[in-house]
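Here are my notes for you to read alongside the model. Take them one point at a time and find each part on screen as you go.

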Amino acid sequence: SGCGTFAFLSSAVAAVSGLLMGYELGLISGALLQMSRSLALSCKEQEVVVSSLLFGALFASLTGGFLIDRFGRRLAIITASSLLVLGSLILLPYESYEVLIVGRIAIGVSISLSSIATCVYIAEIAPQHRRGLLVSLNELMIVIGILFAYISNYAFASISHGWKYMFGLVIPLGALQAIAMYFLPPSPRFLVMKNNDEAARKVLERLRETSDAIKELTVIKSSLKDEHQYSFLDLFRSKNNMRARMLVGLTLVFFVQTTGQPNILFYASTVLKSVGFQSNEAASLASTGVGVVKVVSTVPATFFVDQVGSKTFLCIGSSIMTVSLVIMGLVNRNIHVNFTKVCRSQSPEDFFLQRPGNFTVTNGSLKDLFASMASTERLSFDVQSPDVARTGELNRTALAGGKSTTGSHMESGEVPAVLKWLSLASLLVYVAAFSIGLGPMSWLVLSEIFPGGIRGRAMALTSSMNWGINLLISLTFLTVTELIGLSWVCFIYTIMSLASLAFVIVFIPETKGCSLEQISMELAK
């Protein structure tokens with residue numbers, strides 16, 4: 001069977017979900033810089049804003065598999081696009097922390113549901129010899145969406161309420177996708193599941209541009225019979241080594257998250273601002289480089305994986321990540337961010353005026369000023385430092401006179417250019433390494449190590465763990481960074497990258513050149 005134009009077009013329209021997902025994941029990096037100031041968000045509230053999307057995504061990953069199997073892949077994508085439009089519309093007219101959370105949760109449900117449905121839909125309409133390329137199209141669209149988000153962050157960084165424009169940009173595209181999907185055919189596999197063989201045959205003939213799709217229809221019906229031999233509980237039994245396979249899959253997803261990439265994605269602009277890119281525009285422009293690197297790195301990984309092998313890419317990626325994180329950690333140890341308050345680097349008065357009444361301001365020393373907060377805020381700084389004392393004087397002036405100071409005062413001393421650019425360079429290398437290794441290859445391995453009869457449910461379980469750990473890490477990143485500093489966070493990620501390298505070498509099979517049936521037979525031994 002050939003890959004007809006209609007099959008490619010249908011896959012491309014479905015893959016727009018990947019573009020929307022990437023945009024929403026990358027958007028918060030720059031939007032957070034503006035929202036935290038205009039809504040006076042505390043560190044914990046910033047974490048909740050970022051993590052509310054992940055909460056919605058986790059919920060959808062737990063229930064999405066059932067919805068997709070019950071109502072169909074195409075309808076799930078239409079529903080997800082509509083929900084994205086609704087969630088974005090909720091955010092535009094209001095400036096409220098609570099409304100922001102509700103809108104972000106709706107968007108989280110949308111992108112999680114669409115990510116599962118899109119991969120299944122494309123895999124089921126694609127011909128066998130083009131399935132890898134067409135499914136990978138979704139992954140490529142995700143990183144392109146992230147790049148567009150970072151460009152949007154930069155474009156609206158200096159515009160008043162620019163974050164609303166950022167959120168609003170996806171509305172037309174989401175609506176267009178929902179309309180376009182309505183005119184595309186359902187998955188032929190789903191039609192067979194619903195005992196509608198004749199409709200499935202017509203869809204296959206249209207997708208393959210052939211007048212005889214009986215052979216492929218027979219294969220689909222045969223494979224669906226095989227899928228009933230496994231139950232969900234078989235994932236946790238020793239039958240065919242399924243428990244070990246499940247542990248390999250869950251551990252791989254664990255390393256995808258604990259090597260730190262989600263936080264770089266969500267907090268890129270905030271972190272870059274803290275290491276010397278002082279304005280919102282500079283931080284957003286620097287983080288745009290992160291998006292470019294993700295796209296450029298993902299393209300060769302997508303096209304050469306069949307020749308090089310996923311295990312090789314995973315080893316290369318984890319090794320380079322380890323080296324770049326060590327450099328990043330060492331550089332950040334030599335960059336002294338005042339108060340180590342990464343999340344409050346927008347302006348010093350925000351630090352004191354987040355929640356009136358929380359702090360007692362006196363005319364005493366800077367040490368006295370922080371005494372009431374010692375039990376809850378562990379800040380690391382030298383109270384005798386003239387730079388810090390000068391910043392403290394600025395803060396007290398702002399508090400006493402009600403004058404507004406700008407974000408440029410946050411850095412009492414200019415960060416050396418060589419450290420600033422070395423920090424950015426090591427960050428970009430780290431992102432590139434993830435984008436050729438753990439980023440795309442983990443999901444390829446997960447789609448290969450489970451037998452077809454239970455692959456969907458196994459992927460849903462690993463997806464739930466993926467969003468769950470992502471939620472936990474993103475919800476605590478700024479808090480942990482306050483407690484131990486950015487450099488030690490980098491060193492923790494270094495240890496996790498080394499552990500992931502060892503795990504890949506020992507436990508991940510090389511699947512290059514093997515059919516799914518061969519892989520399953522080997523892993524069952």
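How many residues does helix α2 have, and how far does helix α2 reach from its first C-alpha to its last?

1. Before the answer, some ground rules. This is a predicted model, where local features need pLDDT of at least 70, side-chain atom pairs count only at pLDDT 80 or more, and totals for chains, interfaces and linings use all residues. Residues are numbered from 1 along each chain as its sequence is written, and side-chain values use heavy atoms, with hydrogens and water left out.

2. Now α2. Covering residues 43-71, α2 has 29 residues and spans 40 Å, close to the 42 Å expected at 1.5 Å a residue (the expected span is 1.5 Å times one less than the number of residues). Helices here are DSSP runs of H or I, at least four residues, numbered from the N terminus.

3. Look along α2 and you'll find a kink of about 50°, centred on threonine 63. The bend at a residue is the angle between axes fitted to the seven residues ending there and the seven starting there. Just after α2 comes glycine 72, with a positive phi of about 105°.

4. Next, a helix pair. The axes of α3 (residues 73-91) and α7 (residues 170-182) come within 9 Å and cross at roughly 160°. Axes are lines fitted to C-alpha atoms, for helices over the stretch in contact, and angles run from 0 to 180 degrees between N-to-C directions. So α3 and α7 are roughly antiparallel (that label needs an angle over 145 degrees). Their contact (heavy atoms within 4.5 Å) includes Ile77 and Leu84 of α3 and Ala178 and Met181 of α7. By class, the residues of this contact are eleven nonpolar, five polar and one charged. Nonpolar means Ala, Val, Leu, Ile, Met, Phe, Trp, Tyr, Cys and Pro; charged means Asp, Glu, Lys and Arg; the others, Gly among them, are polar.

5. Among the residues in contact are Phe255 of α11 and Trp443 of α19. The contact of α11 with α19 has ten nonpolar, two polar and one charged.

6. Last pair: α1 (residues 5-38) and α4 (residues 97-125) have axes that come within 9 Å and cross at roughly 155°. That makes α1 roughly antiparallel to α4. Glu24 of α1 and Arg104 of α4 are among the contact residues, which divide into 13 nonpolar, six polar and two charged.

Terms used: Helix = DSSP H or I, 4+ residues; strand = E, 2+ residues; numbered from the N terminus. Parallel < 35°, antiparallel > 145°, perpendicular 65-115°, else oblique.
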